[in-house]
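Me: Hello! Could you walk me through this structure, one question at a time?

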Amino acid sequence: MLLFGVGVVVNRNPVASALCLVVSFVGLASLFISLDAHFLGIIQILVYTGAVMVLFLFIIMLLDLKEEARRALNAWAVAGGAVVALCLVGTLLHVLGTFPKGEATLPPLVVPDGQAYEDTKALGTLLFTEYVFHVQVIGLLLLGATVGVVALSKKEASK
Amino acid sequence: MGTLNGYLLVSGLLFTIGLTGVIVRRNIIIIFMCLELMLSAANLTLVAFSRFGLVNGLPNHHGQLLVFFTITVAAAEVAVGLAIIVALYRAKQTVHVEDLKSLGG
């Protein structure tokens, strides 16, 4: 999964980048499922590798992006990227090395007598009781995004 | 793998890859994809902590709901961002950030 993540950055062809991103997201979904978050894993596949990546590929095809000409990479940008990446990895290793709780292995789930663990049911119950206001806000946000996208992609006929 | 540190390490590396891509690449669509990568890395951290921080023997569902909301917002963000990129391409015929200097003053 990480290899394909690197592929997104390294590939010069945007379509190959997007396909690497799809594989990376599928790997991420499998990690979600290995963490017993089945609902989120499925949502990750449906939304990201389904909707979002189709949108990306659609735009890449629409703009008809060819493989980038090998224009000289900005040396400062590459150096800056390498420095930032090294700093982040160093910090990460240091923090994780001094985080004793991180050695914990997956604790077993405690499910009341013999029932299967249903995370979708639990999430849905929580979503429509405690978080019902947030759901409405998200709905408004999606509506606003839809209207905004339509307004943005309209040809400027009035000018 | 299997330990909390393993998941956090994967998540951190994914975030690093995304950030490096945002800094190094000059194609605005690839920069956008790297942003998605970083968002997903944060999601993985949330799910990992929710699974390892059990509440009454079950994963912390509040954390997973936060991931759900994040995915929703990310989807909306992708739609708006790609619309902006298309509008930009119509105006300037380029997706290279170095060719876009009109805001630079």
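Reply: Helices (H or I, at least four residues) and strands (E, at least two) are DSSP runs, numbered from the N terminus. This is a predicted model, where local features need pLDDT of at least 70, side-chain atom pairs count only at pLDDT 80 or more, and totals for chains, interfaces and linings use all residues. Residues are numbered from 1 along each chain as its sequence is written, with chains lettered from A and ligands numbered from 1 in the order in which they are written.

Me: How far apart are the end C-alpha atoms of α2(A)?

Reply: α2(A) has 21 residues, so at 1.5 Å a residue it should span 30 Å. The model agrees, with the end C-alpha atoms of α2(A) apart by 30 Å.

Me: What do the buried residues of α2(A) pack against?

Reply: Buried means that 20 or more other C-beta atoms, placed from the backbone, lie within 10 Å of a residue's own. Leu21(A), Phe25(A) and Leu28(A) are among the buried residues of α2(A). Contact means C-beta atoms, placed from the backbone, within 7 Å. The packing partners of these buried residues are α2 (28-52) of chain B, along with α1 and α3 of chain A.

Me: Which helix gives the most to the side of chain A that touches chain B?

Reply: The contact takes 57 residues from chain B and 64 residues from chain A. On the chain A side, eleven residues come from the helix that gives the most, α3(A).

Notes:
Contact = placed C-beta atoms within 7 Å. Expected span 1.5 Å × (residues − 1). Buried ≥ 20, exposed ≤ 12 C-beta atoms within 10 Å, placed from the backbone.
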